Amino acid sequence: MNKQLLKRWAAATAMAFSAIGTINAHATTWTLTGSLITHDPSVYKENSTWWITETSDTGIGVKYSPDGHAWTQGVSIFGGGLSWWTQYNGNGKTVWAPDIHVWNGKAILYYAVSTFGSQKSAIGLATASSIAQGNWTDQGAVLTSAPGNNYNAIDPNFFVDKAGQPWLSFGSFWTGIYTTRVDPNTLKPTGSWYHLAADSSGIENSFIMSNGSYYYLFVSKGSCCAGANSTYHISYGRSTSVTGPYLDKNGVNMLNGGGTTLDAGGGRFIAPGGESVANGVMVRHELDSQNNYNGVLFINDLTFSNGWPTY
């Protein structure tokens, strides 16, 4: 998720990166053009338009596309910052890992404010009549953490189980990933927390989805932003219950460091992570080793083979 890339965000987001040829690193990778510099992209298709929200140091970054292939940089949400953010991120403007969806006829956007390596963090919520309308109203913090807690309130992911109950997963490093129900009306967390995954090498950016009889938990593990030494990679496990246990292909519980690697990158593009899934595709960033290790948008068709996800 962090974060050191934010220093060069303003310059990087203006760059148009052609993906023809160079981004065909995986067999089912989409060919992308336009504004492709990104970090922690969350994807959602509303009607015929594809939307991405992303980590930014000027509010919540936005991209849009008519077809999911050609991307345009949009106007940041709350680009001037919000006053309550300052106590968590210092500058009042930096936002991490926003998570965008449509629920009960309105657009919803969870996001995180914090600083690198800190547990003084908050997950905020904004709502709008639609993503395209963009009339966002901030609802404030719905979950916070402080130094000494055994969790970190960042990297939110909203999902709905097969019974129609909404949930929020969250967490980064420390003791890892958690989930809790959210109230269908207020969209605020309610009830018990469930511990889903942990890893001593670092774990964050959870994303949960269902397919067939299973729920799948995707996470980003390792170091996101250390240039050539970045070790980020996307791992997963599955469970018959939203609350786990999530086991990898070898039967190892993700609470015990388990997780099957989906993508570790390689070659020019390394350290994939910040993943999200919508409309049968997985979206994530990968670091471009030939362009200052800026994060670049990748999209792949996500399929399932024998009950396990694959590109």
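Is asparagine 205 buried or exposed? At 6% relative accessibility, asparagine 205 counts as buried. The legends below describe close-up views of a predicted model.

**View 1. Asparagine 205 within strand β14.** The strand shown comprises residues 203-211, and asparagine 205 is found in it. The backbone of asparagine 205 has a positive phi of about 50°, although the residue is not a glycine. Its relative accessibility of 6% is under the 20% limit, so asparagine 205 is classed as buried.

**View 2. Phenylalanine 78 in the loop between β5 and α2.** This loop lies between strand β5 (70-73) and helix α2 (86-89). Phenylalanine 78 is a residue other than glycine, yet its phi is positive, near 55°. With a relative accessible area of 18%, phenylalanine 78 is buried, because buried means under 20%.

**View 3. The disulfide formed by cysteine 224 and cysteine 225.** The sulfur atoms of cysteine 224 and cysteine 225 are 2.3 Å apart. A pair of cysteine sulfur atoms within 2.5 Å is taken as a disulfide, and the count comes to 1 disulfide. The torsion about the S-S bond of cysteine 224 and cysteine 225 is about -100°, and the disulfide is therefore left-handed. Both cysteine 224 and cysteine 225 are buried.

**View 4. The cis peptide bond between glycine 244 and proline 245.** Glycine 244 and proline 245 are joined by a cis peptide bond, with omega of about 5°. Proline 245 is placed in the loop between strand β16 (233-239) and strand β17 (260-263).

Note on methods:
Residues are numbered from 1 along each chain as its sequence is written. This is a predicted model: local features need pLDDT of at least 70, side-chain atom pairs count only at pLDDT 80 or more; totals for chains, interfaces and linings use all residues. Side-chain values use heavy atoms; hydrogens and water are left out. Buried means under 20% relative accessible area, exposed over 50%, partly exposed in between (1.4 Å probe, protein chains only). Helices (H or I, at least four residues) and strands (E, at least two) are DSSP runs, numbered from the N terminus.
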